[in-house]
Amino acid sequence: AAPIHWDSLTAGVQASAHDLTLHDAVLKHGGATVILDGSAGLVDWNLVPGSKLGLRLDIQNGDAAEVSSLAGYDHAITGTLNASGELSGTVSQPQGQAKVTLSRSSVQGRGFDAASANLELNGSQVLFKDLQIVRGDARVAGSGAYDLSAHTIQLNVSGTNFDLAEVTPLERSRVTIAGKLDFSAQVSGAISEPQVKADLRVRGI
């Protein structure tokens, strides 16, 4: 991931060979603000797998593409990110929870108005609850889990009021089709080759 230039950093810092504590650390980059507060255990000034964590993080008006790149994801994500959460546990077995919202965003070129989810981190497992995605009159709701180590996903979603004319295969067709699509789906397996089971309901054709 490319490094990010921060315009400014202010923080109260207490450090020793065994502990690093940040008080109201504020990083600014363009219109984005990141606020950090908490501590991390050290061994001879270094983070190790057993280092204990106790951090509070807030991201305001973040660039979703930059945050995604920093997290190691190569999916094309754009938009404005706001998030708040807490991280505990250790470096090797982190625990945490966060509320994440995206606005005026797109993933892999597919735009949407807003998205939000509650996240829970348990080691390599990320659980997401109350997933909500809005695009015009269309809605998606769901929950699931992603394994950061195995790169596998388990997802249950349902959607309503999707415009058939905007469904990708139909967009490329010369035949104009009007109507609405509702669906429910279960996604599982490797993120590179997921297995999908879905029920589709078309109305208003």
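User: How many bridges join β11 to β12?

Analyst: This is a predicted model, where local features need pLDDT of at least 70, side-chain atom pairs count only at pLDDT 80 or more, and totals for chains, interfaces and linings use all residues. Residues are numbered from 1 along each chain as its sequence is written, and side-chain values use heavy atoms, with hydrogens and water left out. Strands are DSSP runs of E with at least two residues, numbered from the N terminus, and two of them pair if DSSP finds at least two bridges between them. β11 and β12 run antiparallel, and the bridges that join them number nine.

User: Which residue in β12 stands opposite Asp182?

Analyst: β11 and β12 form a hairpin with four residues between them. Across this pair, the residue opposite Asp182 is Arg201.

User: How many bridges join β10 to β11?

Analyst: β11 covers residues 180-190 and runs antiparallel to β10. Within this pair, Gln154 stands opposite Ser188, and Asn156 has Gln186 as its bridge partner. The number of bridges between β10 and β11 is ten.

User: Which residue in β10 stands opposite Ser143?

Analyst: β9 (residues 138-147) and β10 (residues 152-163) run antiparallel, joined by nine bridges. On the β10 side, Ser143 faces Asn156.

User: Which residue in the hairpin of β9 and β10 takes a positive phi?

Analyst: This hairpin has four residues between its strands. The positive phi is near 55°, and the residue that takes it is His151.

User: What is the order of the open sheet, and which are its edge strands?

Analyst: The sheet has twelve strands with antiparallel pairing, in the order β1-β2-β3-β4-β5-β6-β7-β8-β9-β10-β11-β12. Each edge strand pairs on one side only, and the two are β1 (8-16) and β12 (195-203).

User: What does the twist average from one strand to the next?

Analyst: Axes are lines fitted to C-alpha atoms, and angles run from 0 to 180 degrees between N-to-C directions. From one strand to the next, the average twist is 10°.

User: Why does Phe183 count as buried?

Analyst: Buried means under 20% relative accessible area, exposed over 50%, and partly exposed in between (1.4 Å probe, protein chains only). Phe162 is partly exposed because its relative accessible area is 24%. Phe183 counts as buried because its relative accessibility is 15%.

User: Which residue is the bridge partner of Gln14 in β2?

Analyst: β1 and β2 pair in the antiparallel sense over eight bridges. β2 spans residues 19-29. There, Gln14 has as its bridge partner Thr21.

User: Which side chain does a polar contact join to that of Thr21?

Analyst: Thr21 is buried, with a relative accessible area of 14%. Contact means heavy atoms within 4.5 Å, and Thr21 touches Gly12, Val13, Gln14, Gly38 and Ser39, not counting residues up to four places away in sequence. A polar contact is a pair of N or O atoms within 3.5 Å; within protein, one must be able to donate a hydrogen and the other to accept it, and residues adjacent in sequence count only if both atoms are side-chain atoms. At 2.7 Å, the side chain of Thr21 has such a contact with that of Asp19.
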